[in-house]
Amino acid sequence: MGDPVSTHVLPGLDWLVKLGIGLILAAAGLLLIQPPRRRALRFALGIFIIETGTLVAIRGIVAAGGSSWWQYLMPFALVLVPGLFIAVVLTRLHWWRRVGFTPLREWRAPHLLIPLLLVLALPVAGLWARGVMATTALVLVLQVGFVLIDIFMEEVTYRGVVLQALSGFSPVLRVTLAATLFGFSHLDNLFLPGADELGVAYQIFEAALVGILFGVVRMRMNTIWPVMAVHATYDLMLVLAFGHAFPVAPTLPGFVVDTVVNLSLAVVGLSLLPARPTVSVDRREVA
């Protein structure tokens, strides 16, 4: 009887093939990049493709290593490299404050913390049902460190640069586009060893739904800090319950419950958006 993992095509690719696919995607994204004031959607797509390609390329590099230490340490590059890239983009555009790195006195709409915190209901229920998974202190520290860097990379990219680049669009379209790209940014998980395509598709769908509420809160509250904190807490609870935050194929009841909750929160979030875009001009913005 054949190995069941062999039926999954992408995880079984040679690491050089994965690396090549990732580098080609990243290069294609670089070619798409245009100044955000002129080609906002093209700029957002370019950022998305660069990030996704970089993640796929590093998946290949991680797969090349055979030692357990390599498998634990190299994933930091998976989020550190695109994290540094997006930090350079923010610095280049002078967008740090505009994407939500604002002091507490500039925060608005504090009531939106209520739906934001409701996002944690599902992982709290999962952690309560499963309990904390046994692990070593070193492995837990490495996983927590990875999650924190990963959250910075994802939030700054999709609730930061991408959302800001699309500021000329209507608020609903702006949030929906950013959330959709955030969902599809998890495509690199298809290249994980033993990855389940259904589990990755489920993760993409649910991440897009959660990303809608995250985007709304980020815009209305004029800060990215609470969104980063809730996102980090969400993933850390998955790590405590399952030992990882990687996608797994859902059960039908689990899929229905998750979708109903996340879709409801997304609809609530969209209902709180203004009808028209608010565009601010920053003279320091450069190409």
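This section describes the fold, cores, salt bridges and backbone features of a predicted model.

The secondary structure of the chain consists of 11 helices and zero strands. From the N terminus on, the order of elements is therefore α-α-α-α-α-α-α-α-α-α-α. Of the 287 residues, 48% count as buried. Among contacts between residues at least 6 apart in sequence, 81% join residues at least 24 apart. The accessible surface of the chain amounts to about 14100 Å², and 73% of this surface belongs to carbon and sulfur atoms.

The mean pLDDT of the chain is 87, and 89% of the residues score at least 70. By element, confidence is lowest in helix α3 (residues 68-73), with a mean of 65, and highest in α8, with a mean of 96. The pLDDT is below 50 over residues 1-6, a stretch that has one contact in the model beyond near neighbours in sequence. Residues 279-287 also have a pLDDT below 50, but this stretch has 18 contacts beyond near neighbours in sequence. Where pLDDT is low, the predicted coordinates should not be read in detail.

The largest nonpolar core comprises 36 residues, of which Phe43, Trp95, Val161 and Val162 touch the most other members. At least two residues of this core are supplied by each of α2 (40-64), α4 (75-93), α7 (137-165), α8 (171-184), α9 (197-221) and α10 (225-242). Helix α7 gives the largest share, eight residues. Beyond its neighbours within four places in sequence, Phe43 is in contact with Ile33, Gln34, Pro36, Val89, Leu93, Trp95, Val161 and Ala165. Another core, of 17 residues, lies apart from this one and includes Leu116, Val119, Leu213 and Ala241.

Helix α7 also holds Thr157. Thr157 has a relative accessibility of 1% and so counts as buried. Residues up to four places away in sequence being left out, Thr157 touches Ile47, Glu51, Ile86 and Val162.

A search of the whole structure finds three salt bridges. In one of them, Arg59 pairs with Asp188, with 3.0 Å between the closest N and O atoms. This pair links distant parts of the chain, since Arg59 belongs to helix α2 and Asp188 to the loop between α8 and α9, 129 residues apart. Arg59 is buried because its relative accessible area is 12%, and Asp188 counts as buried at 4% relative accessibility. A salt bridge also joins Arg159 to Glu155, with the closest N and O atoms 2.7 Å apart. Both residues lie in helix α7, four residues apart, or about one turn of the helix. Arg159 and Glu155 are both buried. Arg97 and Glu106 meet through their side chains in a salt bridge of 3.1 Å, N to O. Here Arg97 is partly exposed, at 47% relative accessibility, and Glu106 is partly exposed, with a relative accessible area of 23%.

Most residues other than glycine have a negative phi. His94, however, has a positive phi, near 60°. His94 is located in the loop between α4 and α5 (113-118) and is partly exposed, as its relative accessible area is 36%. Asn222 likewise has a positive phi, near 60°. The position of Asn222 is in the loop between α9 and α10. With a relative accessibility of 17%, under the 20% limit, Asn222 counts as buried.

Methods
Residues numbered from 1 in each chain as written. Predicted model: local features only at pLDDT ≥ 70, side-chain atom pairs only at ≥ 80, totals over all residues. Heavy atoms only, no water. Core = buried A, V, L, I, M, F, W, Y, C linked by side-chain atoms within 4.5 Å. Buried < 20%, exposed > 50% of the residue type's maximum accessible area, 1.4 Å probe, protein only. Contact = heavy atoms within 4.5 Å. Areas by Shrake-Rupley, 256 points an atom, 1.4 Å probe, with all protein chains shown as cover. pLDDT = per-residue confidence, 0-100. Salt bridge = Lys/Arg side-chain N within 4 Å of Asp/Glu carboxyl O.
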